[in-house]
Structure formats: structure tokens, C-alpha cells
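Opening the notebook on this one. I'll jot down what I looked up, in the order I got to it.

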Amino acid sequence: MAELFADPAAWMDDELVMFDDSVRRFVGDKLDPERLATWRSDGIVPRAAWNEMASAGLLGLSLPAEDGGAGGDFRHEAVLIRRLGLAGAEGFGVPLHNAICAAYIAKFGTVEQKSRWLSKLCSGELITAIAMTEPGAGSDLQGVRTSAKKDGNGYRLNGQKTFITNGQHADLIIVVARTDPDAGSRGISLFGLETAGAEGFRHGRNLDKIGLEMGDTSELFFDDVKLPADTLIGGAEGQGMYQLMQELPKERLIIAIECLAMIESALNVTLDYVRDRKAFGKRILDFQNTQFKLAECKTEATIARTFVDDCITRYMRGELDAVTASMAKFWVSERAQSIVDTCQQFFGGYGYMNEYPIAQMYKDVRVKRIYGGTSEVMKLLIARSLET
């Protein structure tokens, strides 16, 4: 297969290049198209696949070795995210587990919470989810209604969440809940709920989606669930919104990386197709319209890569701000949808067949403009920066 970006990214050193090659080989061995198709049909990635990731040292990539992790950093996560995307493993919730949920505990958790949970995240004993979205509260986190009320030395959790990635598998859920109904954004806290034996907790439906079918995306219900005081992330109430805002730029960068991988994959398979497929006695690639359209796509892909690479570099320096991350998430997700759509057109009727990877990409890409904050919310956040 042709490779649009054969050269290493600007932020990759020799160690990361070797790591990328090992991940490429692992993905090629373990995530073959037939296996991925089975997971999509089943609507969930089996636990055995998570265990394989753990055995390969790919869970807890950016956690310190003393916590059971691989001792890497966000660049290692970026390598893995790209390779999962190029393999077509959209919906396999490892990036959420590694770079988001584990990071909340590593960055904000108490010493006891880190000791209790992090090594189990790395071993695959605990699969994680983060429960933000509710039926009545999506991008507006201040609209969260799930409550955690004081009850003796702990709390009672009540509410409902929806669209929760890893929701069926999740053994440890970071729950966004309101601890003070009168304190606005300062009344929100994060809790770590271990689901095994949690009375009053139940998984809802594994939701039926138009893309990312292998991902177990679920409803969650909390009916008077007892939370010990030591499950409050960081040990202090009212820190939830601050903790969320600290991590949201990275989460939006992750989506931009996912989108860039999909752009790259779409152009890879399309270039292979148009070089071989003929119409009216010529290769599809020999038509000027094909050349011009793909030239536009390659240009936009290169701009996207340059922007995402810069964001990764900024993140590693501790300089990635919320506005820049919002721009990356907004622009690259919009370009991903338009490029996948353009590429699909070159396949004609075959592009509408699920057996062709481009058809799966067409389904998977749509949600990128929605989750992690819609494009409209990203533009709102960007626009606010114009006022100062």
C-alpha cells in the first residue's frame, strides 16, 4: 500500500521511530481486517484483545514505570493512536483508557488512588471510562445533573450518563457529578467508581451507532450508589471543572490525531485504487479531475499534519492552550470528513460497500465533528479569544 506520510513526524526521535515500527508490527499481527470486522459485528472489542494490548506493554504507555506503566510520554500515545487509526481500529477505546482516564488519576489522584488503580490499568485488570455526557448535557458540562450528595463519610451517587466509551467493559469509571447544586462550576467533582459489586450501578444498552461499531458505547445508571470518601479524585470537592479544563486540550488534540490518521488512511487506500482501476481505457489517476482533487486533498493533509505536529510539540512543552487545541480539533475533523467524502467518490459504487475500508471510514469519521465538543462549540471557544 502507498504511504502518504512515509517519513517520521518532526517530534519523533530514533527511539520513537523504533517504537512506531514495533507498534506497526503488533497491529499488523493482531488487528487484521477479518478480526476487526468480527468486533464490529459483535459491537464490542473482546477482553482478550485488551489483554493482548497489556501483554505488549501498550496499556499505560505514558504512565511511570513505578506505577506499572511503560514510562513513555504523550508522543508514545500519539504513535499508538495513529497506528490504530491506520489499521481501521476506530472504536477500540485504548486511547481513552491510556491518555485520558489514566491521566486524570496520575495527574490529580491522591497517592492512595494512584497506588490502588494505576497498576491495574496497565495490566488490563481495570478498563476505564469517563462519564461526562448526560441525556440533557453534552458539550455544556456545567449542565451536569448527576449528583453526589454527602452521606456519612461518603457520598450517594444518583443520575444517568450516555454515549460513554468503554461503557460495557468499564471496571473503573471516572464520574463527573455535582457535589454542590448552588456553586455553579465550582460545585462539580470527579469520582472513581469501581463497578464490581457497586450496588445501585448498572450498565444500560450498548448503543447502536452508524460508525465506530466495535466500540462499546453505553448508557450508565446510578441509583443511590454508595461512594466511599476516598473515591473523590484528588480528595477535595469542587475541583472537577478545573481538572476537566486542564485535560480537555489534550483530549481534543487526541481527536485531531485520530482524524489525521483517518485522512492518511483514506488517501493511502484511494491512491492504491486509482492507480489500478481503469475507466474509458485509462487509469482513474490519469484523469485531470482525479489529479486535481487528490492534489487538494494531499495539500490539506499536509497542512493538517503540520498543525497537529506543532500541537504535539506544544503539548510536550506544556504550551498547548485550549484555543489552539480547539482549532486543531475543529479544523482537522472538518477536513477529515471532506477528504474521506472526496476519496469515497473515486471508488464509485464500490465505495458504498462495507467490504471496502473507505466505506467504513465514511461511517467512522462523522462523529469526529461531534464528540469531544462539537465543531460549533469549538468555534465558540475560538471566537472568545478574539475579544481579548
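**Entry 1: helix α11.** Contact here means heavy atoms within 4.5 Å. Helices are DSSP runs of H or I with at least four residues, strands are runs of E with at least two, and both are numbered from the N terminus. Which residues of α11 are buried? In this helix, residues 375-384, they are S375, M378 and I382. These three sit on the same side of α11, because they cover an arc of only 60° around the axis. The arc is taken over the directions from the helix axis to the C-beta atoms. For the burial call I use under 20% relative accessible area for buried, over 50% for exposed and partly exposed in between, with a 1.4 Å probe and protein chains only.

**Ground rules, before I forget.** This is a predicted model, so local features need pLDDT of at least 70 and side-chain atom pairs count only at pLDDT 80 or more, while totals for chains, interfaces and linings use all residues. Residues are numbered from 1 along each chain as its sequence is written, and side-chain values use heavy atoms, with hydrogens and water left out.

**Entry 2: helix α10.** I checked α10 next and found I358, A359, Q360, M361 and D364 buried. The elements covering them include α2, α7 and α9.

**Entry 3: largest pocket.** I looked up the volume and got about 1200 Å³ for the largest pocket. How the search works: on a 1 Å grid over the protein atoms alone, a pocket is an open set of points where a 1.4 Å probe fits, with protein on both sides within 12 Å along at least five of seven lines, and lining residues have an atom within 4 Å of a point. Points are joined across faces, edges and corners, and the volume is the space filled by probe spheres set on them.

I got 48 lining residues, with F163, T165, V367, Y371 and G372 lying nearest the centre. At least two lining residues each come from α4 (74-87), α5 (94-108), β3 (154-165), α7 (240-276) and α10 (357-364). Which element gives the most? That is α7, with 7 residues. By type, the lining splits into 23 nonpolar, 14 polar and 11 charged.

**Entry 4: second largest pocket.** I have this one at about 710 Å³. It is lined by 30 residues, and P33, L86, A87, G88 and S265 are the closest to its centre. Two or more lining residues come from each of α1 (14-30), α2 (33-42), α4, α7 and α10. The lining has 13 nonpolar, 7 polar and 10 charged residues.

**Entry 5: the β4-β5 loop.** I went to T179, in the loop between β4 (172-178) and β5 (188-194). Buried or exposed? T179 is buried, at 15% relative accessible area. Its side chain makes a polar contact of 2.8 Å with that of S189; such a contact is a pair of N or O atoms within 3.5 Å, one able to donate a hydrogen and the other to accept it, and residues adjacent in sequence count only if both atoms are side-chain atoms. Leaving out residues up to four places away in sequence, T179 touches A148, Y155, G187, I188, S189, F191, E237 and G238. D182 is in the loop between β4 and β5 too, but D182 is exposed, at 73%.

**Entry 6: positive phi.** I noted two non-glycines here. L212 has a phi of about 50°; it lies in the loop between β6 (201-206) and β7 (217-228) and is buried at 12%. D224 has a phi of about 60°; it belongs to strand β7 and is partly exposed at 42%.

**Entry 7: D20.** Last, I looked at D20, which is in helix α1 and buried at 13%. Not counting residues up to four places away in sequence, D20 touches M12, V79, R82 and R83.

Definitions and conventions:
Nonpolar A, V, L, I, M, F, W, Y, C, P; charged D, E, K, R; others polar.
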